[in-house]
Amino acid sequence: MTTIRRRPLVVAFALLAAIAVAIPTFGVGRASAVDSQVYLVHGIPGVPVDVYAGGTAEANKVLTDFQPGTVEGPLPIPEGPLPVVVVATGDDPTVEANQVINQTLDVPGGANLSVVANVEGDTPNLQAFANDLSAVAEGSSRVTVRHTADAPTVDIAVNGEVAIPGLAPGTQASAVLPAGTYDFSVLAGGSPVLNLPGTEIPPAKNVIVYAVGSADPDSDFPLGTVVQVLDVPVTPAPAPAPAPAPDHAAPVAAAPRVTG
């Protein structure tokens with residue numbers, strides 16, 4: 001589990017342009033060939049919750065006391081629409097006033113997804129992203145940034161250079177980077193609002209960083225970040241080509257012998 005760090009804006013890592021993704025999904029059930037594997041990401045700061053899927057009976061409770069800044073899953077999710085209700089821990093989900101989120105979601109089949117509970121317009125909701133689990137080169141990792149905060153567009157700098165200009169809310173960006181240590185910064189209006197020097201990226205992972213909360217100083221949901229780390233396969237480095245055979249020396253002509 002990864003805890004929220006309540007710091008003043010989104011953490012981000014990537015070197016590509018932002019890619020918008022909006023796949024509202026969720027659900028519960030027994031795994032099958034068309035089920036999706038779904039991770040749940042709690043990005044609503046300060047609100048431990050219970051999560052109900054498919055109804056508000058106790059049998060439909062899929063998570064109890066789900067803590068802010070943590071990740072659960074994967075859960076096998078059957079394809080099709082499903083209502084989801086989120087309430088503060090211990091609240092009665094049948095009481096409309098208790099429902100932090102009440103959202104019907106459409107589950108695709110056979111996907112690997114992360115569904116994040118976040119804040120938009122100071123209103124909690126669910127947003128889903130497809131997880132890229134394709135192979136990376138040996139000694140590298142995929143790094144993904146997901147801007148799910150109620151905050152303006154930002155730029156992301158890597159080692160002092162802007163790598164992602166204009167990362168908008170509701171979008172993500174990713175790239176494959178060599179494993180190692182990086183200095184990341186988040187810029188708003190050209191000025192740094194968060195510096196993360198010496199950030200370690202381990203090999204053979206998809207490191208996913210979510211911006212959560214609200215940039216409004218009067219909001220009940222302060223800005224923060226949640227980190228999710230997924231394993232990905234590795235493509236082995238190609239074997240080195242065999243060394244070329246040495247050239248054979250040209251025959252040396254014998255010098256004529258002088259007699260007399």
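## The lining of the largest cavity

In this predicted model, the strands β2 (36–42), β3 (49–53), β6 (80–88) and β8 (112–120) each supply at least two residues of the lining of the largest cavity. A search of the whole structure finds 1 cavity of 30 Å³ or more, and the volume of the largest cavity is about 110 Å³. Its lining is made up of 13 residues, and those closest to the centre of the cavity are Val51, Phe66, Val86, Ala117 and Leu126.

Which classes of residue make up this lining, nonpolar, polar or charged? Sorted by class, the lining of the largest cavity holds 12 nonpolar residues and 1 polar residue, while no charged residue takes part.

## The chain as a whole

Of the 260 residues in the protein chain, buried residues make up 43%. If we take the contacts in the protein chain between residues at least 6 apart in sequence, 70% of them join residues at least 24 apart.

Where in the chain is Ser214 placed? Ser214 sits in the loop between β17 (205–212) and β18 (224–231), and it counts as buried because its relative accessible area is 4%, which falls under the 20% cut-off. The side chain of Ser214 reaches the backbone nitrogen of Asp216 at 3.1 Å. When its neighbours within four places in sequence are left aside, Ser214 is in contact with Asp122, Asp150, Ser219, Phe221, Pro222 and Leu223.

His147, by contrast with the loop position of Ser214, is found in strand β11, which covers residues 140–147. With a relative accessible area of 0%, His147 is also under the 20% cut-off and is therefore buried. Leaving aside the neighbours within four places in sequence, the residues in contact with His147 are Pro152, Val154, Leu167, Ala168, Pro169, Gly170, Thr171 and Ala211.

## An aromatic pair

How many aromatic pairs does the count come to? The count comes to 1 aromatic pair, and this pair is formed by Tyr182 and Phe184, whose rings lie 5.8 Å apart from centre to centre with 35 degrees between their planes. The pair is described as tilted because an angle under 30 degrees would count as stacked and one over 60 as edge-to-face. Both partners, Tyr182 and Phe184, are buried.

## Backbone features to look for

Most residues other than glycine have a negative phi, and most peptide bonds are trans. Against this background, the peptide bond from Gly73 to Pro74 is cis, with omega near 10 degrees, and Pro74 is found in strand β5 (residues 71–77).

Asp65 has a positive phi, near 55 degrees, in a residue that is not glycine.

How values were computed:
Residues numbered from 1 in each chain as written. Predicted model: local features only at pLDDT ≥ 70, side-chain atom pairs only at ≥ 80, totals over all residues. Heavy atoms only, no water. 1 Å grid on protein atoms, 1.4 Å probe; cavity = no way out; pocket = protein on both sides within 12 Å on 5 of 7 lines; lining within 4 Å. Points joined across faces, edges and corners; volume = space filled by probe spheres on them. Helix = DSSP H or I, 4+ residues; strand = E, 2+ residues; numbered from the N terminus. Nonpolar A, V, L, I, M, F, W, Y, C, P; charged D, E, K, R; others polar. Buried < 20%, exposed > 50% of the residue type's maximum accessible area, 1.4 Å probe, protein only. Polar contact = N/O pair within 3.5 Å; in protein donor to acceptor, adjacent residues only side chain to side chain. Contact = heavy atoms within 4.5 Å. Phe/Tyr/Trp six-rings, centres within 6.5 Å; stacked < 30°, edge-to-face > 60°.
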